[in-house]
Amino acid sequence: MNPTTTSQREQYEVASWRREQLAHSGFPPRLAARLAMDPRYDLHALIELVERGCDPERAMRILAPLEEELAA
């Protein structure tokens with residue numbers, strides 16, 4: 001089996017699992033998909049913030065990777 005294909009399939013499976021977890025925790029589908037594809041976001045920290053009452057969009061901004069904040 002081609003290592004690239006295996007790696008791509010694993011990345012897809014991880015992203016799909018992350019998307020499901022985020023959606024189950026109350027993230028809107030589009031936001032969940034976007035965050036699931038970006039490994040710089042800590043999945044558990046995002047979910048914990050939402051479980052503590054933070055809205056998903058704010059949780060995303062709180063945990064945004066530093067370079068995004070510098071570019072803004």
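I began with the fold: the chain has 5 helices and 0 strands. Helices here are DSSP runs of H or I with at least four residues, strands are runs of E with at least two, and both are numbered from the N terminus. From the N terminus on, I read the elements as α-α-α-α-α.

Before going on, I noted that this is a predicted model, where local features need pLDDT of at least 70, side-chain atom pairs count only at pLDDT 80 or more, and totals for chains, interfaces and linings use all residues. Residues are numbered from 1 along each chain as its sequence is written, and side-chain values use heavy atoms, with hydrogens and water left out.

**Whole chain**

I looked up burial next. Of the 72 residues in the chain, 29% are buried. Buried means under 20% relative accessible area, exposed means over 50%, and partly exposed lies in between (1.4 Å probe, protein chains only). The accessible surface comes to about 5,200 Å². Carbon and sulfur atoms hold 55% of that surface. These areas come from the Shrake-Rupley method with a 1.4 Å probe; for residues, only the protein chains shown count as cover.

I then checked contacts, meaning heavy atoms within 4.5 Å. Taking contacts between residues at least 6 apart in sequence, 35% join residues at least 24 apart.

In helix 2, I found L31, A32, L35 and A36 buried. Seen down the helix axis, these buried residues fall within an arc of 130°, so they line one face of helix 2. The arc is taken over the directions from the helix axis to the C-beta atoms. P29 and R30, on the other side of helix 2, are exposed.

Helix 2 covers residues 29-36 and includes L31. L31 counts as buried because its relative accessibility is 10%. Beyond its neighbours within four places in sequence, L31 contacts P56, E57 and M60.

E57 sits in helix 4, residues 56-62. E57 has 34% relative accessibility, so I logged this residue as partly exposed. Leaving out neighbours within four places, E57 contacts P28 and L31. E57 and L31 are 26 residues apart in sequence, and their C-alpha atoms are 7.9 Å apart.

**Helix 3**

Helix 3 spans residues 43-51, and L43, L46, I47 and V50 are buried there. Down the axis of helix 3, the buried residues fall within an arc of 95°, so they line one face. At the start of helix 3, a side-chain oxygen of D42 comes to within 2.9 Å of the backbone nitrogen of H44. After helix 3 comes G53, with a positive phi near 110°.

**R18**

Which side chain of opposite charge is nearest to R18? I found D38, 6.6 Å away. R18 is buried and has no salt bridge, a term that needs a side-chain nitrogen of Lys or Arg within 4 Å of a carboxyl oxygen of Asp or Glu. For charge, Lys and Arg count as positive and Asp and Glu as negative, while His and the chain ends are not counted.

R18 lies in helix 1, residues 3-24. I looked for backbone partners instead. The R18 side chain reaches the backbone oxygen of A36 at 3.2 Å. A polar atom of the R18 side chain also lies 3.1 Å from the backbone oxygen of Y41. Not counting residues up to four places away, R18 touches L35, A36, D38, P39, Y41 and L43.

Methods
Polar contact = N/O pair within 3.5 Å; in protein donor to acceptor, adjacent residues only side chain to side chain.
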